[in-house]
Every structure is written in structure tokens, then in C-alpha cells.
Number of protein chains: 2
Amino acid sequence: MPPRKSRATSFQVARLAGVSQPSVSRAFTPGASISKEKRDKILAAAKELNYVPNVFASSLSSARSNMVAVISGSLSNPFYSESMQVFIEQFQDAGRQVLAFSVEANRDCDEALMLAMRYPVDGIVVTSASMSSEVVRMSEGLGIPIVMYNRRVVGSNLANVRCDHEEGGARIGRFMHAAGARSFLIVRGDPQGSSSGDRERGFREAVERLGTRGIEDLAGGSSYSGARNAMIRYFGGPAPHFPDAIFAVNDIMAIACADVLREIHGLRIPEDIMLAGFDGIREGQRPAYGLTTVRQPIERMVRETLELLALDGGPIPNGDRKARLIPGDFIPGKTVPGLAAGT
Amino acid sequence: MPPRKSRATSFQVARLAGVSQPSVSRAFTPGASISKEKRDKILAAAKELNYVPNVFASSLSSARSNMVAVISGSLSNPFYSESMQVFIEQFQDAGRQVLAFSVEANRDCDEALMLAMRYPVDGIVVTSASMSSEVVRMSEGLGIPIVMYNRRVVGSNLANVRCDHEEGGARIGRFMHAAGARSFLIVRGDPQGSSSGDRERGFREAVERLGTRGIEDLAGGSSYSGARNAMIRYFGGPAPHFPDAIFAVNDIMAIACADVLREIHGLRIPEDIMLAGFDGIREGQRPAYGLTTVRQPIERMVRETLELLALDGGPIPNGDRKARLIPGDFIPGKTVPGLAAGT
């Protein structure tokens, strides 16, 4: 492999192409005004000299790298990998690049945040569970904006964008109750995650208000395998007693529930037992599952995250609303009977 | 938002903590030898001064940023999002960060490559279809190593890591033939993708050698919606004629085929029609599908990609084998009857 060579400068390219140095800059700036002919001449010279503009050289004056760190929860949860995809695509469209970090479930993200701050990032998005207030203070000291995505940190005033988990959970509860369910099982998620807790609380309060014969719950670990194993254990006795309805606080766990109920217990959904999830991941909407769920509007959530980062230095649109609570889209699906119009 | 402040230096931290400057460096180097007590004192001082080491300052001498650009094909294909996850996790474990780029299907990646080269990346991984030889020459001029992941570029000697697509396709073909299939439909993928073409060729040659009553094919666009729409059109007549077996060159298209065959035509798989895919994505292995497929060993492929990048400057393990052809794992699944032991 050849050694890393020193880069050609824009002045050398300008000289070879017979143009001014600012023309070279324009040729490499998306959308800048320059004739196609001049641009082609400059690109030919650049290729001959192996020239590409260096982001960090050109951003020295503006102190911007156009990199944004995205610290994501476990990407094996399709909600996070679908979100990461939208972050990469939307940020790229806005001229930003994602420097990607992954944090395992149930771990705090202090280490990833410390690592991210070693890079000259313009902002940090955090989608995983918890972080210490010291690390948040460090980012504030460095002037790096942080936005929480799909999380809130109780007692902090960090900017955050999240779906209305509580109302979404309540909506699922009302829908199941209207379809006749009176006994419930909640498959819980990450105990550190604010979202899981909010969904569970909304669901529980809604069905308790309407009247139930009982609500049980079990820990599903937020993952397919966690929920699958928990379900197998929970209904593992010789004559298991099934509730009327199961609410898994995310879709990937609801998919695991559907697989266990059908494959191991031969139950039909929704005829024998109702089921719902949360997130609206693509996999849950295939005909094989058709989950009743609440879709998180990922595109809008990412767009508002980008707004709150205020990377262009302007004011944040919509004033200082630093906490954006976005309603989820209820999807009736086919895992709860749709008898109940207008719930 | 506070303005971006100038960063504290390691010397200021050393003074406040009452230690030497090299100790400060060690405190921030994963795995470096330093006592817990000294490290805690340094971290406390660093927090007080809002100090974090700057990767680019500390890498000036080594000219390394520890960033690797990963230019990925469409992340809506779970194979690419699962690969991106493994890239992020394995590179992070090796002390590298992924700067992520996404390229839409059927687009070349020249623009993303040019963009990646504007950052001081230590290497570039390309998983999407095609790129021009000029752009490859530019990267060589800059001394930035490029490794193709799951692709080969005909006529180039670029380092590449890929699964043995041709043998995988042949294996599926032999398995279907042994199970009794004689008429076939191939659902093709990205016409620019070398992988899709290799899988199709391997399959076609194997079944032709064994004897068939005919092989048809249709363009599935590499995506769920592309394959779903193509299947609906293809079998849209009043009395559609179905082949014995369908080979979709990737799992996400095989899932679309299963959904159309079951939901629209009421067919049972494999009793009425056989089906196989390729990739081994998680979703295809759920009980709802249980696809017969060839799993690409993503963890091993990413590990060998990391080796070929030779980021530590040492020689590439296993000599100069710059093209790594890795056998896929055949998964019998349940969408082709498993009558045929030993095929």
C-alpha cells in the first residue's frame, strides 16, 4: 500500500486548471454558482493532482466539521437501526455526516459520549438509556449541543425529541379494552429506559380506569431473544393460563410473543389472544404479523432533532420549545379485533 | 447555547491533578497502565476543567484519526443494516469509529467517496454497487486504503471481502432440484450488483446441469416493495401458472415472495411451492418464514475487512490474499422440503 501522501493544495489545482483559487472552492461546494465547463476543467486538474478539499482545513475558520455523533441504543432493535438509517440519510441531505456509536442495552453511554467528544463534532444525538450529569456538564462546557432522541432525562432540561409514549400506551389499552379484553400481560422493556416506562404507565392507567380483572407483567429485556425466553418460561407450566391480551412495549418483543404463542402453544391471534406492540417497525407490519401498534414517526422525529441541534447557529425554530413531544400514529393492525370504531 | 470554548490542555489538567502530562494521556488511553487512584484524580481534574483529549491533536504525529468511512448500500435492506451494526460494533471494539454514508440502490458511490475523502479517514469500506476508476485512483493517490465489502469490481485489483455467492446459489439450486423442483423462477436483484449476478449464475448453472423444464426470471429491485410489486404483476393474470420453486437472490425479496404467495394466492410453502433466499437476515429466520437460505457470515466478513484495511500499518495477515472469498452457511430452513440429505 502506498504511504499516505501530503495532499495537493487548492492553489496548485487552480494553477493547473488556469483558474482562481476561489473557483476551486466553488467547484467542490454543492450548489455553488460555477459553469459546467469551468467545473469540469477543475475536476480534471484535481484528479490529476489527487486533490480533494479537506473538511477540517476549510472549516478552521468556522470551527465546524459537519460531523454529528449519533450514539445509538442496540442496533439489533430494528427501531434503532431504522432510526440510524434516517439519521444518516437526512443528515447527509443536510450536508452532515454521522459519526456512529453503539451502546449495548442497559449500559450507560458515558464512555461513548467521552469518546465522541474527542472528535470535533458539531453536535451529539443520544438515543440510548442513561448518562451521568457530569458528562452532560462536560459537553456543555465544550459548547457541544446534545439532543436526546426518544428519551428524556428526568430532572434535566436537555433538549429532547420523543414520541408521546404515555398516550400511545393508553390508546392501545383503550383499544384492547373496547375489543373485550379484561385480563392483561405487559411485557416490559429496558428498566432504565424512560420510553418503556411511559408506555407501560399509560397503558396501565387506561385499562385500570376502564376496569380489568388483573394486570400481570414480566421483563422482556427489550429484545427478541429476551422476550422469547421470558414468554417460554412464563407460560412453561403444564396447563398455562393465558390472559385476554398481551401488550409488549416494543414491536420486536411483540413479534417474539406472536412466534411463541403460535408455534409453541398453537394459539391464533387475535381469535384466541390479543397482542399489540409499539414502534411501527417495518418487520411488524408484514402480513405475517400485521401488528396492532403505535408507529413512531421517525422521519419527523429526526427532522426535529436536526432543528434542535441548531447546527447552523441560527435560533431554534418554534422558539425555545426544547422538548418536542410528537404524537405517534395508531395502527389498528390485525392482532386486536377491530370491532371498536372510534376508540 | 454557550459558544464553543477553547479546550483545556492536558498540561493544565496535569497541573491541577498534581501529575505529569504523560499520566494524563495514559488516563485517557483504553488499556494503558495507570493506577485507579491516579486515574480518578485525573478524571476529576479533567471534569473540572471540561477537558477531553482531541483525537486530531493527539493523532498529528501518527497522522491517524481512527475514523473509517463506511459507504453502505441502502440500509432499508436488512443485510446492509445488520452489516452496518457489526461494522460499528467491531470497529468500536478495535478503537475505531465509523463515519457512515448511505448510497441509494442503483446509484454509483462516487459522490459519497469524494465526500468521505474530505475527512481525514484512515480507510474506506465500500458496500454499494459501482464506482468509477478515477475515484479509486484518487484514493490511491491519497494513500487511503479501500476495501470492497460484499462486492467485486471486475477488472480491478481492489481488496475485497465477499461471500462465495456463486457456490451459494448453486447449493440452493441443487437442494431444490433434489426436493423435486423442475421449473424455476429467479427473482433478480440490483442489475449493477456483482453479488446478485453471481448468485443467479451459480443457481442457473447448477439446475441446468441437473435438468429442468424451464427457468424464468423477473426483476425484483433488491427491495421488499420492488419484489412484492413485481410478484403481484407477474402472477396477476386470471389463472396464474406457478413454477415448482422460486429463488429470490436475497432474503428481503424472498420474504416479499412468501407474503404474496400466501396472502394473495393462498399457497402453502413448501407444500404448494418451494422458496429460497440468500443472506440469512434475522427476519427471514423467524418462525413466520424459516427461509431456506445461505447465511453470509457477517462477523467474519467484517473482521477480514478490518484486517485488509491494515489500519495499524503492519502487514496484512495471510500474506497478500487481497481477495477473501468466504463460504456461506447453508441453512436448510423449512421453505424447501428437507427430503434430500447430503445434497
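Predicted model: local features only at pLDDT ≥ 70, side-chain atom pairs only at ≥ 80, totals over all residues.
**Overall make-up of chain A**

Chain A is built from twelve helices and twelve strands. Of its 343 residues, 48% count as buried. When contacts in chain A are limited to residues at least 6 apart in sequence, 69% of them join residues at least 24 apart.

The domain assignment divides chain A into domain 1 (10–53), domain 2 (67–164 + 298–328) and domain 3 (165–296).

**Helix packing**

Two packed helices are described by the angle between their axes and the distance between the axes.

| Helix pair | Residues | Axis distance | Angle |
|---|---|---|---|
| α8(A) and α9(A) | 165–178 and 194–210 | 7 Å | about 35° |
| α8(B) and α9(B) | 165–178 and 194–210 | within 7 Å | roughly 35° |
| α10(A) and α11(A) | 224–234 and 251–263 | within 8 Å | roughly 40° |

In chain A, α8(A) crosses α9(A) in a right-handed sense. On the α8(A) side the contact includes A:H165, A:E166, A:E167, A:G168 and A:G169, and also A:A170, A:I172, A:G173, A:R174 and A:H177. These meet residues of α9(A), among them A:D198, A:R199, A:E200, A:R201, A:F203 and A:L210. Sorted by class, the contact of α8(A) with α9(A) has six nonpolar, seven polar and eight charged residues.

In chain B, the crossing of α8(B) and α9(B) is right-handed. From α8(B) the contributing residues include B:H165, B:E166, B:E167, B:I172, B:R174 and B:H177. From α9(B) they include B:S195, B:G202, B:E205, B:A206, B:V207 and B:L210. The class count for the contact of α8(B) with α9(B) is six nonpolar, seven polar and eight charged.

The remaining pair is α10(A) with α11(A). Their axes cross at roughly 40°, and the two helices are therefore oblique to each other. The crossing of α10(A) and α11(A) is right-handed. On one side stand A:Y224, A:A227, A:R228, A:M231 and A:I232 of α10(A); on the other are A:I252, A:M253, A:I255, A:A256, A:C257, A:D259 and A:V260 of α11(A). By class, the contact of α10(A) with α11(A) has ten nonpolar, no polar and two charged residues.

**Backbone geometry**

Most residues other than glycine have a negative phi, and most peptide bonds are trans. Several positions in this model depart from that pattern.

The peptide bond from A:I269 to A:P270 is cis, and its omega is near 10°. A:P270 sits in the loop between α11 and β9 (274–276) of chain A. In chain B, the bond joining B:I269 to B:P270 is cis, with omega near 5°. B:P270 belongs to the loop between α11 (251–263) and β9 (274–276) of chain B.

Two residues other than glycine have positive phi values. A:D279 has a phi of about 130° and is placed in the loop between β9 and β10 (293–295) of chain A. Is A:D279 buried or exposed? A:D279 has 32 C-beta neighbours inside 10 Å and so counts as buried, the cut-off being 20 or more. For B:N150, phi is near 65°, and the residue lies in the loop between β4 (146–149) and β5 (159–163) of chain B. B:N150 counts as buried because 26 C-beta neighbours lie inside 10 Å.

**Two partly exposed residues in chain A**

A:V153 is located in the loop between β4 (146–149) and β5 (159–163) of chain A. With 16 C-beta neighbours inside 10 Å, A:V153 counts as partly exposed. Apart from neighbours within four places in sequence, A:V153 is in contact with A:M148 and A:L158. The C-alpha atom of A:V153 is 7.6 Å from that of A:S194, although the two residues are 41 residues apart along the chain.

A:Y234 is part of helix α10 of chain A. A:Y234 has 15 other C-beta atoms within 10 Å and is therefore partly exposed. From A:Y234 to A:D217 the C-alpha to C-alpha distance is 10.0 Å, over a sequence separation of 17 residues.

How values were computed:
Residues numbered from 1 in each chain as written. Chains lettered and ligands numbered in written order. Domains from an automatic or database assignment. Axes fitted to C-alpha atoms, helices over the stretch in contact; angles between N-to-C directions. Helix = DSSP H or I, 4+ residues; strand = E, 2+ residues; numbered from the N terminus. Parallel < 35°, antiparallel > 145°, perpendicular 65-115°, else oblique. Left-handed = near helix turned anticlockwise from the far one by under 90°. Contact = placed C-beta atoms within 7 Å. Nonpolar A, V, L, I, M, F, W, Y, C, P; charged D, E, K, R; others polar. Buried ≥ 20, exposed ≤ 12 C-beta atoms within 10 Å, placed from the backbone.
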